[in-house]
Amino acid sequence: MKRADLIYIIMVLLIVLIAAYALIYKLSYMENSPTNISQITAERYSSSGVTTSTSGSNILSSPSNSIPNGIYEWSWEEKGFVRLETNSSGPYIPKRDGYYLYYFHNNKCPHCIAFESKLVNYLKNPDAINYFKNKLTIVLVACSWFTYECSDPTAQKTFRLFNVMSSPTLLLIKISNGSIVNVIDITQIYVDLINKGLIPNTGEIEPQYVFQIIKANI
């Protein structure tokens, strides 16, 4: 083999290796780091925390940066997120028909922490209770950091099922006959409305605008 041919082969191999490394890095980065929401500092983040027993239910009461990994459902009566007993064999898919707002939370996500406290306050508002109580179920899916740091198998598989790579992520899901029939990315709609100047860019996701979007889609 000529020396020129050998040099050419080595160069081609180096290019292939560099391209492969760049692809692996990109795929890893997409899930490990938050996505910017148009000038919203959108490493979207949130949380809720340590469980305590209230009326026989596990109600979240700890800081937003230490929610035990798992699946939670908002209780309109008890005004708090209640931890669900789930089957770890697969992701969480509700059995009841209806609309569900899935909120994907990472304990290490600052924007989730900011959003979660606002979300809880909004859901305690009488207007929100009166309008959404019989129309919408809010599900909190909590991990420490996406699928990489998640001690609850069901929460981890739910992140994976919906390919959640940034947080906070809000998905409006319609369930019929125990199956998912429609998924609307509320967070993406929120970003689009900011880009069009239709809602203000406060640097965080604001629940009042989130639920205006939901009203238009249920």
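## A hairpin of two strands

Strands β7 and β8 form a hairpin with 2 residues between them, and Asn177 in the turn has a positive phi of about 55°. The model is predicted: local features need pLDDT of at least 70, side-chain atom pairs count only at pLDDT 80 or more, and totals for chains, interfaces and linings use all residues. Residues are numbered from 1 along each chain as its sequence is written, and side-chain values use heavy atoms, with hydrogens and water left out.

Strand β7 (residues 169–176) and strand β8 (residues 179–185) pair in the antiparallel sense over 6 bridges. Two strands count as paired if DSSP finds at least two bridges between them. Across the pair, Leu172 stands opposite Ile184 in β8. Thr169 lies in β7 and is buried, with a relative accessible area of 7%. Buried means under 20% relative accessible area, exposed over 50%, and partly exposed in between (1.4 Å probe, protein chains only). A polar atom of the Thr169 side chain lies 2.6 Å from the backbone oxygen of Ser166.

## The whole protein

The protein has 6 helices and 8 strands. Helices (H or I, at least four residues) and strands (E, at least two) are DSSP runs, numbered from the N terminus. From the N terminus on, the order of elements is α-β-β-β-β-β-α-α-β-α-β-β-α-α.

Of the 218 residues in the protein, 44% are buried. Among contacts with a separation of 6 or more, 65% are between residues 24 or more positions apart. Contact means heavy atoms within 4.5 Å.

## Glu73 in strand β3

Glu73 is found in strand β3 (residues 70–75) and counts as buried, at 16% relative accessibility. Its side chain makes a polar contact with the side chain of Arg96 (3.5 Å). A polar contact is a pair of N or O atoms within 3.5 Å; within protein, one must be able to donate a hydrogen and the other to accept it, and residues adjacent in sequence count only if both atoms are side-chain atoms.

Leaving aside neighbours within four places in sequence, Glu73 is in contact with Gly80, Phe81, Val82, Leu84, Tyr92, Arg96, Thr137 and Ile138.

## Helix α5

Asp185 caps the N-terminal end of α5, with a side-chain oxygen 3.1 Å from the backbone nitrogen of Thr187. After α5 comes Gly197, whose phi is positive, near 75°.

The buried residues of α5 are Ile186, Thr187, Tyr190, Val191 and Ile194. Seen down the axis, these residues fall within an arc of 140°, so they line one face of α5. The arc is that of the directions from the helix axis to the C-beta atoms. The cover over the buried residues of α5 includes β5, β7, β8 and α6.

## Helix α6 and its packing

In α6, the buried residues include Pro207, Val210, Phe211, Ile213 and Ile214. They cover an arc of only 150° around the axis, which puts them on the same side of α6. The buried residues of α6 pack against β5 (98–106), α2, α3 (126–132), β6 (136–143), β7 and α5 (186–195).

Helix α2 (residues 110–123) and helix α6 (residues 207–215) pack at an angle of about 60°, with their axes 9 Å apart. Axes are lines fitted to C-alpha atoms, for helices over the stretch in contact, and angles run from 0 to 180 degrees between N-to-C directions. From α2, the residues Phe115, Lys118, Leu119, Tyr122 and Leu123 meet Pro207, Gln208, Val210 and Phe211 in α6. By class, this contact has 7 nonpolar, 1 polar and 1 charged residues. Ala, Val, Leu, Ile, Met, Phe, Trp, Tyr, Cys and Pro count as nonpolar, Asp, Glu, Lys and Arg as charged, and the others, Gly among them, as polar.
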